[in-house]
Each structure stands twice: as structure tokens, then as C-alpha cells.
Amino acid sequence: MFKSVISRVILLNIMLLALGIGTLSLFHLHREQSHHIAATQKSARLLLATIEKSIFNSMRLGNSAEVQAILELVGHSHALEGVRIFSPSGQILKSADATEIGQWASPQDFNLFQQNAKEGVFQSKSGPRVLSMIRPIVSDERCFKCHGQGRKVIGVLNMNFSLSEMYTQLREISQMFVVSTLAIIALLAAGISYIMIRLLQRPLDQITRSMWQVEEGNLTVRLAPKNNDEVGRLMLGFNAMVGNLEVAQKELQNLHYQQMERADRLASIGEMAAGLAHEIKNPLAGISGAISVLADDHNEEDPRKDIFGQIQDQIGRLDKTVNDLLYFGRPGEPEFSYADINNLLKQTLLFVAQHPEARNIGRVEELTSQLPPVWVDQKQIQQVLLNICINALQAMDGSGMLSVKTLTVHHDDKIWVRAEIRDNGPGMAPAVLEQIFTPFYTTKTQGTGLCLPICRQLMENNGGTLQVESQLGRGSCFILELPVLENVEILDDGRIGVL
Ligand SMILES: Nc1ncnc2c1ncn2[C@@H]1O[C@H](COP(=O)(O)OP(=O)(O)OP(=O)(O)O)[C@@H](O)[C@H]1O
Ligand SMILES: [Mg+2]
């Protein structure tokens, strides 16, 4: 029940209120009771003083019958439980209740006299609590005539003032305090609960419901803040957040559609290219054969022999383009085996060194030893490495530095073997960089623009990635990453073991 913060705040508030108001009420009740008791005592003392005075006057005149009459008169008052005079030994001499005369005073009243106390509160014989008051009647020369000279105290005036009315009033006051305290607490608790529920609970419930709707994918929900307070600002923040999410989702959807369209286009271009290439390849082979036959008919000195050579070169270029197109259309299924990227790179560099454009190119090799093996099609990866190296040579245009580096990296909960191929050629402008993986994009007069798209496709077919970093005027770096399978280890002699 008290799981929500608001209900806990309400409960705490009510408890604190009850404690505060309760303590205050108790304090006031106590004060009220003290006042009441003091007022009752004061009126009792006043009454006793009046009785005392009347009795003394009558006694001084030696009129003991009048003393009895006075006692009986005042004894009618409902505030008195009893009024009497008893002897120092405790025997009742006069009393408002004539039947008491000759009997002994109650032990509580007599004890008060003996202890020289003036007042005490007791339970009376008939039930209600009484305030018992004692006034010793001290003898002076006016009393000697009737009471003789021997005794200092000739009697004790004793009055039992009923406290039942006072206690009834105290009870009523207490009840009134309790009822009013409870009423105030209930009123305040209801007020606090209403405010908390109206100002906090309802708007928070509204926000929670809207969040669920957002979670279910409805990004059109918006909240309407009623006040410009913290909750209102929270709602505005929520609206802004959902608004941004909606915009981002639309952008993502657009991008997704664009990508789908592009993938569709690429797939049809690939199909078309492969079909075209197939159609071109056979006649091209026929033309090449025919040219060879024609070339054989001319001796070496014939100036036309050179022209045949040039035709064969151009046919060779066409053949490469057609092969690339075919490969782009249908790259073929990879044949997987464990491979050491360091070895593949070394073989590629050996091959690249034979390239005529590599004569003035320096080489830096930074190959991490004991590189974990990768599960790839070695021919395809070698083709990627070679294409990237040839692009680098072409970019450096005869002189420069080709750096290769291998290492392992950790990301996406996997270990990857990374190969970096860097050149210090002219680099690429951001606009060029954006397009180099688009089929047929080339900046070269004799390029097909298919190598890099093929390379990326091959890397992806082998479970890897191909990225590029480039800065205009500083060179480019192609980064290949291939995942390391978990069940392999490097043996002590450096060979690769499969677990
Ligand atoms: N190392 C590099 N430095 C600068 N630009 C590069 C580099 N590698 C590639 N490029 C740019 O990327 C373009 C596309 O390269 P890609 O290899 O796909 O095609 P290409 O080299 O133009 O032609 P081909 O299909 O004959 O290789 C290149 O034309 C070139 O502008
Ligand atoms: Mg190229």
C-alpha cells in the first residue's frame, strides 16, 4: 500500500502532524486541568473559610446549637460530601449529617489532622473522590469559659469537598480536546492528501502512462502541463524528449528506406553487370584469338605488328574489367581455412614489390608476432590486400612510403585481427572518401571503380570489416578487421592450434 513515494510522504506528514498537534493538545489539556483544579481548590478553601468564620462567631457566643445548624445548612450544598467537627481524639462532635455524631472520623480525615496536613484527596465512602480539608480549632481565652484551659486544640473542623463535578468537567474537557485534535488531524491529513494527489500523483501517473505508450512505440503522445511548476517543466522536458525521438525515428526510417533502395539498385546493377560481362567475355576471347592469328601473319619488322600489340593490350584491359564485373556480380562462396594474416601480408608485399610502380616506394613492416589465426578464404583476403596495396601504389604515383601493420584489438566482445595499410600519397577529400565504396566510382582515367566495393564485399563475406581513414595531403590508411574464433590458441613454436 505504501509502495508509492507519495503515499509515504502523505503518511509521514500525517504522523508528524499527529505528533505535533497531539503534543500541543496534551500540553494545553494539562494546563487547562491545572487551572480547573486550582479554581476548585480556591472555591473549596473560600467555602471552608466562610464556614470557619460563621462557626467561630457562634462558638464565641457559646451557641453550640447554632454551630450544628450552620453545619446542617451548608451541608445541603451538593458540592459538599460532608462537613463536621471532630475532637482531637477523632470522635465526631458536630456534623451536617446528624447520624455521624458520636462516631469516629474517617481514618483519612483523622490522619490528615495527625500529620498536621491541611488538605488531601481521597475516595469517599460513598464513592466519588473528595478534597478533604482540616482546620484545627485553636483555643484562646474566649474559649476557656466553655472548654477549660488545659487544651490547645479543642476541635477540628473537617470539610469533604466533592470533586465529582470537577472530574466530570475535566473528562468533558479531555474529550473535547481529543475530539478536536482528531478532527484537526483528519482535516489536515485530508487536505495534504488532496493536494499531493492532485498536484503530484495524478500528473506523475499521467507521465508514467505516457512513458508506457512511448515504450510501446507511440511517439505521438504529448502531455499538457497545467502549471508552470516542477511537474509542468518535467512534462515539457518529456514532450521535448519524445519530439526529438520522433524526429530521429523518422530520419532513421528515411535512411533505412534509402539504404534498401540502394541495396536493391546495387543488386540489380550487379546482376546486369554480370550478365553483360558474360555476353562480352566470349566475343572478346574470339577477337583476341583472331588478332593473334592476324598478328602471326606479319613479321616482326612490319610496323603494323606494334598496332596488333596495342590492340592486345586494350583487349587485356577489357578482359580485366569484364572479369571484375563478373566477380562483382557473383563473387563466389568463400572456402574457409585458418590463416595467418602476417603470412598473407608478406606474400602480398612480395608480389607488390614486382609491380613496376613500386620501384621507388619504401616499405615499413610492423607485424605483431604470434597473431591469432583467422577463419577466412585465403585467396579472397589476399585479393583484398593486393587491391588495396595497388591502389596505394597508384596514389603515391611512383614515390612514397607504404607501411603495413598488424595487431589484435578488442571490441564488441570479440578479439579482432587488424591489418592497417597506409600510404603517404595525396589522401582523399571527404567528398571522395564518401563514395569510394560505391560501385563504378573512380577518379582514374583507366579505373573501373569496382575494386574497393569488391574488397568490402569480400571482407564482409569473411565476417570482417573494411574501413578507411584519409586526410587530404597526408595520405590514406585502409583498416581491415577479421574476427578471431574463440577455439584457437598459439602454440609454443608459434604455430596455430585449434582447441
Ligand atoms: N590509397 C588511396 N589513396 C587515394 N585515393 C584512393 C586510394 N585508394 C583508392 N582511392 C580512391 O578510390 C577510388 C576507387 O578505388 P577503386 O580501387 O575502387 O577503383 P579504381 O582504383 O579507381 O579502379 P580499379 O577498379 O581499376 O581499381 C579511386 O579511384 C581513388 O580515387
Ligand atoms: Mg583500384
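Tutor: A residue counts as buried if 20 or more other C-beta atoms lie within 10 Å of its own, and as exposed if 12 or fewer do. The model discussed here is predicted.

Student: What percentage of the 499 residues of the protein count as buried?

Tutor: The cut-off for a buried residue is 20 or more other C-beta atoms within 10 Å. Applied to the 499 residues of the protein, this gives a buried share of 22%.

Student: Which distance separates the centres of domain 1 and domain 2?

Tutor: The protein is divided into domain 1 (5–170), domain 2 (226–330) and domain 3 (337–498). Taken over C-alpha atoms, the centres of domain 1 and domain 2 are separated by 118 Å.

Student: Is M196 buried, partly exposed or exposed?

Tutor: M196 is found in helix α5, residues 164–215. Apart from neighbours within four places in sequence, M196 is in contact with I6, V9, I10 and Q201. A buried residue needs 20 or more other C-beta atoms within 10 Å, and an exposed one has 12 or fewer. M196 has 17, so the residue is partly exposed.

Student: How far apart are the C-alpha atoms of M196 and L163?

Tutor: M196 belongs to helix α5, which covers residues 164–215. M196 and L163 are 33 residues apart along the chain, and the separation of their C-alpha atoms is 48 Å.

Student: Why is α11 largely enclosed by the rest of the structure?

Tutor: The buried residues of α11 are C451, L452, P453, I454, C455, Q457, L458 and M459. α11 is largely enclosed because, of its 11 residues, the number buried is eight.

Student: At what angle do helix α9 and helix α11 pack?

Tutor: Two packed helices are described by the angle between their axes and the distance between the axes. For helix α9 (residues 378–396) and helix α11 (residues 451–461), the axes are 9 Å apart and the angle is about 150 degrees.

Student: Which residues of α11 make the contact with α9?

Tutor: By class, the contact of α9 with α11 has six nonpolar, four polar and no charged residues. From α9 come Q380, Q383, V384, N387, I388 and N391, and from α11 come C451, C455, L458 and M459.

Conventions
Residues are numbered from 1 along each chain as its sequence is written. Chains are lettered from A and ligands numbered from 1 in the order in which they are written. This is a predicted model: local features need pLDDT of at least 70, side-chain atom pairs count only at pLDDT 80 or more; totals for chains, interfaces and linings use all residues. Domain bounds come from an automatic or database domain assignment. Axes are lines fitted to C-alpha atoms, for helices over the stretch in contact, and angles run from 0 to 180 degrees between N-to-C directions. Helices (H or I, at least four residues) and strands (E, at least two) are DSSP runs, numbered from the N terminus. Two residues are in contact if their C-beta atoms, placed from the backbone, lie within 7 Å. Ala, Val, Leu, Ile, Met, Phe, Trp, Tyr, Cys and Pro count as nonpolar, Asp, Glu, Lys and Arg as charged, and the others, Gly among them, as polar.
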